[in-house]
Structure formats: C-alpha cells, structure tokens
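Please look over the sequence and the model shown here before reading on. The paragraphs that follow go through the chain piece by piece.

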Amino acid sequence: MIRIVKKAISLANAPALTEIELGDRARDWAEVLFDVVPEEHLQDAFKRAARDHKTSFPVSMHDVRIAYEQIAADELREEKRLREKFLDDLDAERKLSNRFECKLCFGSGWKEITEYDSVNRPYKGVIKCHDCRHWEYYSEKLKQNSTGKMK
Ligand SMILES: [Zn+2]
C-alpha cells in the first residue's frame, strides 16, 4: 500500500511525503480500500486508475476504487461472454450429434433441393446445408485436430 501511495504521488509530480506522512496516507487508503478492492487486484486497479486519470492531481483512493469497479465489471462481462460461447458450442454439438435436429440435412451437412432446368422441369440436387452449423462446426473440428496433431 505504501508503494502504491508513493507511486500515486510521484506520478503526479507532487512533493514527496515524509515517511510518517506516507504511513498515515497508506493507512487511510488501506482503511477505505480494504473491503472494496481485493489485495490481488490493488496493483491492477491502481495502474488502470493512473492510466484513466485525466487531471494533474495525484491518483486518489477514490480513483482506485472506481478503476477496480470497472475491472470487476469487465471480468463479469468476459465471464458472461465465455459462458454464452460455451452454451453456443454445446448447442452446435448437440445439433450435430442429434441427427434429427436439422430437418434439412439430418446432421449430414448435405440437403436435398429441387431445381428447375431450362424448360422448367424439376430435378433434385444436393447442396451443403447452411441452415444448421454443421460445416462451421466441422471446419472448427478439423482445425482443432490438425493443431492437436502438430504438437
Ligand atoms: Zn443441416
């Protein structure tokens, strides 16, 4: 905490404090930040506060607290994104493993279509199905396998 207070003061080009003043200041900061910012995030929060800081005043414990709240919000967002991606992948996997999930290709990746020739006679053809995520998932799987083999 003393190190952080020292840094806040030197970054702002403010006159250095005596050891006693520094100790008092650090204790004040610690009292306020103790319950709010987990110790392992103190450095991060301070760095971010210093970076986002727009005035010539030293970074205050208020800035550090705000910065930590932003860090926590970012982490929450990232966690949420990963969770959604996980569910999304799970869904894609389910669609593949359940052959009857995709009503057009039944999980094969190929669907039948009806086309018309020049004299308007219908004929059947087979094209890649893009109504489900078969091919997207398939290429993802290939990528994973090839990088796995190279190791
Ligand atoms: Zn399909």
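**The hairpin, the helices and the overall layout**

Strand 2 (residues 122–128) is hardly covered, since the count of buried residues among its 7 residues is 0. A residue counts as buried if 20 or more other C-beta atoms lie within 10 Å of its own, as exposed if 12 or fewer do, and as partly exposed in between, with C-beta atoms placed from the backbone. Strands (E, at least two residues) and helices (H or I, at least four residues) are DSSP runs, numbered from the N terminus. This is a predicted model, in which local features need pLDDT of at least 70, side-chain atom pairs count only at pLDDT 80 or more, and totals for chains, interfaces and linings use all residues. Residues are numbered from 1 along each chain as its sequence is written.

The partner of strand 2 is strand 1 (residues 110–116), and the two pair in the antiparallel sense over 7 bridges. Two strands are taken to pair if DSSP finds at least two bridges between them. Within this arrangement, I113 has G125 of strand 2 as its bridge partner, and Y116 stands opposite P122 in strand 2. Strand 1 is also hardly covered: the count of buried residues among its 7 residues is 0.

The hairpin of strand 1 and strand 2 has 5 residues between the strands. N120 has its place in this loop, and its phi is near 65 degrees, a positive value in a residue other than glycine. Most residues other than glycine have a negative phi. N120 is exposed, because it has 6 other C-beta atoms within 10 Å.

How many helices and strands does the protein chain have? The protein chain has 5 helices and 2 strands, and along the sequence these follow the pattern α-α-α-α-β-β-α. The radius of gyration of the protein chain is 29 Å, well over the 15 Å that the globule rule gives for 151 residues, so the protein chain is more spread out than a compact globule. That radius is taken over C-alpha atoms, and the globule rule is 2.2 Å times the number of residues to the power 0.38. Taken along the principal axes, the C-alpha atoms of the protein chain fill a box of roughly 95 × 35 × 30 Å.

The protein chain is divided into domain 1 (2–77) and domain 2 (99–150); the bounds come from an automatic or database domain assignment. The centres of domain 1 and domain 2, taken over C-alpha atoms, are separated by 56 Å. Of the 151 residues of the protein chain, 13% count as buried.

The largest nonpolar core has 14 residues, and those with the most contacts inside it are A45, F46, A49 and V64. Such a core is a set of buried Ala, Val, Leu, Ile, Met, Phe, Trp, Tyr and Cys residues joined through C-beta atoms within 7 Å. Helix 1 (2–11), helix 2 (19–33), helix 3 (42–52) and helix 4 (61–97) are the elements that give two or more residues to this core. Helix 4 gives the most to this core, with 4 residues.

In helix 3, the residues A45, F46, R48 and A49 are buried. Seen down the axis of helix 3, these buried residues fall within an arc of 165 degrees, so they line one face of the helix. The arc is that of the directions from the helix axis to the C-beta atoms. Q43 and R51, on the other side of helix 3, are exposed. Leaving aside its neighbours within four places in sequence, A49 is in contact with V59, D63, V64 and A67, a contact being two residues whose C-beta atoms, placed from the backbone, lie within 7 Å.

Helix 1 can be read in a similar way. Its buried residues are I4, V5 and A8. They cover an arc of only 100 degrees around the axis, which puts them on the same side of helix 1. R3 and S10 are exposed on the other side of helix 1. What covers the buried residues of helix 1 includes helix 2 and helix 3. Just after helix 1, N13 takes a positive phi of about 55 degrees.

A72 is found in helix 4. A72 is partly exposed, because it has 15 other C-beta atoms within 10 Å. The C-alpha atoms of A72 and H41, 31 residues apart along the chain, are separated by 9.4 Å.
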